[in-house]
Protein chains: 2
Amino acid sequence: MEGYVEKIKSLIPYSGFGKCRLKGIFVIIDGLGDLSCKLLNGKTPLEAADTPNLDNICKNGICGLQQPVLSGITPGSGPGHLALFGYDPVKYKVGRGVLSALGINFDLKSNDVAARGNFCTIDENGQVTDRRAGRIPTEKNVELCNILREIDLPDTELFIDTVKEYRFLMVLRGENLTGELIDTDPQIIGKKPLNPKGLTSDSDRTVNIVKEFVSKAHNALRHQSPANMVLLRGFSKKPNWPTFKGTFKLNCAAIAAYPMYRGLAKLIGMDILETGQELNDEIETLKKHWNEYDFFYIHAKKTDSAGEDGDFDRKVAKIEEVDRHIPKILDLGPDVVIVTGDHSTPSLLKYHSWHPVPVLLYSNRCRPDNVERFGERACITGGLGPRFPAQDLMPLALANADRLDKFGA
Amino acid sequence: MEGYVEKIKSLIPYSGFGKCRLKGIFVIIDGLGDLSCKLLNGKTPLEAADTPNLDNICKNGICGLQQPVLSGITPGSGPGHLALFGYDPVKYKVGRGVLSALGINFDLKSNDVAARGNFCTIDENGQVTDRRAGRIPTEKNVELCNILREIDLPDTELFIDTVKEYRFLMVLRGENLTGELIDTDPQIIGKKPLNPKGLTSDSDRTVNIVKEFVSKAHNALRHQSPANMVLLRGFSKKPNWPTFKGTFKLNCAAIAAYPMYRGLAKLIGMDILETGQELNDEIETLKKHWNEYDFFYIHAKKTDSAGEDGDFDRKVAKIEEVDRHIPKILDLGPDVVIVTGDHSTPSLLKYHSWHPVPVLLYSNRCRPDNVERFGERACITGGLGPRFPAQDLMPLALANADRLDKFGA
């Protein structure tokens, strides 16, 4: 399946860097989309929120609802973001191991193999009785990681890092390693962890090293309780993708408080700007670097966490917080502003969902529609359509920034 | 990349020629789409225009907005038309040389190689100082073409024709010629014209001939000022595409005042009807040949020119002119009428743009939507959708003309 990244490279004679210095900002409000909530009189959090600033841009902008992957498909944060950045998430897959590494800011090298680990519980027959070892506290995890770190592997450097609770990261660094391995996690209880196994002919060395690691980990943890074994999944190497900069000819900077989103941006070659933990810090970072880049990606995380906690009111409040920062962004005079989310996280479901995500695009070259309020229902009749592919947004951003030449005579 | 042309051939058992003699008309209003204009109280020219006849069909028809190429992509006139005719413009590319030949009605043979030429200015070091030689008047161009026509090339017939101002057409006719050459136009000033170079292994002969032409042209023009050199681009042969008639099983005629549009229609094998320069002449031609064809393409050019001149009022007037001719078309009793444009040409931008183009489809088999006024904003909520692929229109036209059989049992 060809993504916009390929299509656009083959199609368009680019105006290239700095032709006109039109600047764009992509505001990604994590988990923005939601469902009607009885607690909010049948409104969604976005509809219930007081968002005078977003509504104001709506009136001069064009709206719609986008789908990050495909109809009915619930995107992870990785695919959700990649689609917004113009990368077909079905083609550009990030392994879970790599995502875990990005998530804790591990400095993954190009030949490292990363895997996501679970501390689990096995019984005397070696069968898994709890895939999450009773969700041990993070402090226990730290202690167990210290034990695993003592493991010696032939000609291979081993990195073990705590992620959270029962989750840890394993990274192998050495020659001739591959990420083409099946998971050792059987995914159900009552089965033994699966034996490490390669998916390609050149995976023997890696398989042997992982076997040795698993065996030594089993030995080292055998007297621990309840976490007395490890399960590994998502073996993967850092992918070698076309860069955002090379593809779209934009100098782009990412401003994100959370490591995973910085990591994702780094994967496609965006510059990562140091910033603080709050939205306000991100806006200050934006101001500080405003003259240095053509395009900025700003990430607002807390809406998603509120949705995952099923906290309607907090989600409303977090959306209103984003809205209060909108004037500061507009004061910089961006030529193109896009506001959307990487997926929906309905407070009712407390998890990511497949529901299309509201989008607002503003530039002085856009063709305003009749949408006057930024919300799920209002965006249905927007000019961008009610279920359009998220990958359309980058070409639209470029077009609105006068960055694309005409196709054909 | 598969276009509708291929898809439909593989999918659909056609009813074939003349099954039921339902007749269709495709009215293409060049550059129809536009943006909100302050001068028109925030309306687009189409929204501001008084179009009682189009609005009347709207009430019984189905509307929407189509994208000729892809989201954010600004189509040239070639790709814009091809998409409407069901040809994937990404796959069916016309070279600039061929388009130039079509534009001046040059009778291109299947083995001819055409290139678009610029008269340009070079300095004593051979570096281009003006790619358009100060936009010399067409009269000077005619004079320079006469000089170039004297050039002798080995075993190759040379045709040189004036296009306009600094633009000319070069055609090579002979054995074993190919259009697979890079442009000699360096695209920026301060560089020498690029040496002719082939893109394939069998291009040696053509490369040598073009080198000889360029060298002799340089010599012949060296005492001219400011146009003392030539730049060539878009080397191409007339493509050998599936015909419209063969694909859609329609006897189709093109009625277009401007040569380029006749040429485009000829490329896909439509019959070209002789007509005059005005819309009224085109309608007379339509009446005259009404009984001879299943399907007519009528082209209205002047809306696009008004948009390119940034002349809102003239664009409004030209749209109203088309509207006044609509009853004459309807009087003929067509079974299917489609009205749209090949791209948008916003008066504000004075150039083609990526914005979706309003579409109106009427037949007594269509399912009317709630759109009651033909305009950009009104069409957003039309039944065809706010950003659908232009290539959908031909299958819809065929279906509405009862030309397609059921797919599958």
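This is a predicted model: local features need pLDDT of at least 70, side-chain atom pairs count only at pLDDT 80 or more; totals for chains, interfaces and linings use all residues.

Reader: OK, so is A:N105 buried, exposed or partly exposed?

Author: A:N105 has a relative accessible area of 46%, so it counts as partly exposed.

Reader: And what's up with the phi of A:N105?

Author: Phi is positive there, about 65°, even though A:N105 isn't a glycine. The residue sits in the loop between α5 (96-103) and β3 (113-122) of chain A.

Reader: What about B:E165, where is that one?

Author: B:E165 is in the loop between β5 (156-164) and β6 (167-174) of chain B. B:E165 isn't a glycine either, and its phi is positive at about 45°. With 26% relative accessible area, B:E165 is partly exposed.

Reader: While we're on backbone: which residue does A:S225 join through a cis peptide bond?

Author: That would be A:P226, with omega about 0°. You'll find A:P226 in the loop between α7 (204-221) and β7 (229-236) of chain A.

Reader: And in chain B, is the bond from B:S225 to B:P226 cis or trans?

Author: Cis, with omega near 0°. B:P226 lies in the loop between α7 (204-221) and β7 of chain B.

Reader: Switching to rings. How many aromatic pairs are there over all chains?

Author: There are 28 of them. One is A:W290 with A:F296, a stacked pair with 5.4 Å between the centres and 15° between the planes.

Reader: Why does that angle make it stacked?

Author: Because planes under 30 degrees apart count as stacked, and A:W290 and A:F296 are at 15°.

Reader: Are A:W290 and A:F296 buried or exposed?

Author: A:W290 is buried at 9% relative accessibility, and A:F296 is buried too, at 0%.

Reader: Which residues form the aromatic cluster in chain A?

Author: A:F26, A:F85, A:F244, A:F248, A:F295 and A:Y297 make up one cluster.

Reader: And charges over rings: what sits over A:F388?

Author: The charged end of B:R387 does, at 4.8 Å from the ring centre. Within chain A, A:K301 lies over the face of A:Y258, 5.6 Å from the ring centre.

Reader: Last topic, helix packing. How do α5(B) and α9(B) cross?

Author: Their axes come within 7 Å and cross at roughly 120°, with α9 running over residues 259-267 of chain B. That angle makes α5(B) oblique to α9(B). The crossing is right-handed.

Reader: Which residues meet there?

Author: From α5(B) you have B:L99, B:L102 and B:G103, and from α9(B) B:P259, B:M260, B:G263, B:L264 and B:L267.

Note on methods. Residues are numbered from 1 along each chain as its sequence is written. Chains are lettered from A and ligands numbered from 1 in the order in which they are written. Side-chain values use heavy atoms; hydrogens and water are left out. Rings of Phe, Tyr and Trp (its six-membered ring) pair if their centres lie within 6.5 Å; planes under 30 degrees apart count as stacked, over 60 as edge-to-face and the rest as tilted. Buried means under 20% relative accessible area, exposed over 50%, partly exposed in between (1.4 Å probe, protein chains only). A charge sits over a ring if NZ of Lys or CZ of Arg is within 6 Å of the ring centre and within 35 degrees of the ring normal. Axes are lines fitted to C-alpha atoms, for helices over the stretch in contact, and angles run from 0 to 180 degrees between N-to-C directions. Helices (H or I, at least four residues) and strands (E, at least two) are DSSP runs, numbered from the N terminus. Angles under 35 degrees count as roughly parallel, over 145 as roughly antiparallel, 65 to 115 as roughly perpendicular and the rest as oblique. A crossing is left-handed if the near helix is turned anticlockwise from the far one by less than a right angle, and right-handed if clockwise. Contact means heavy atoms within 4.5 Å.
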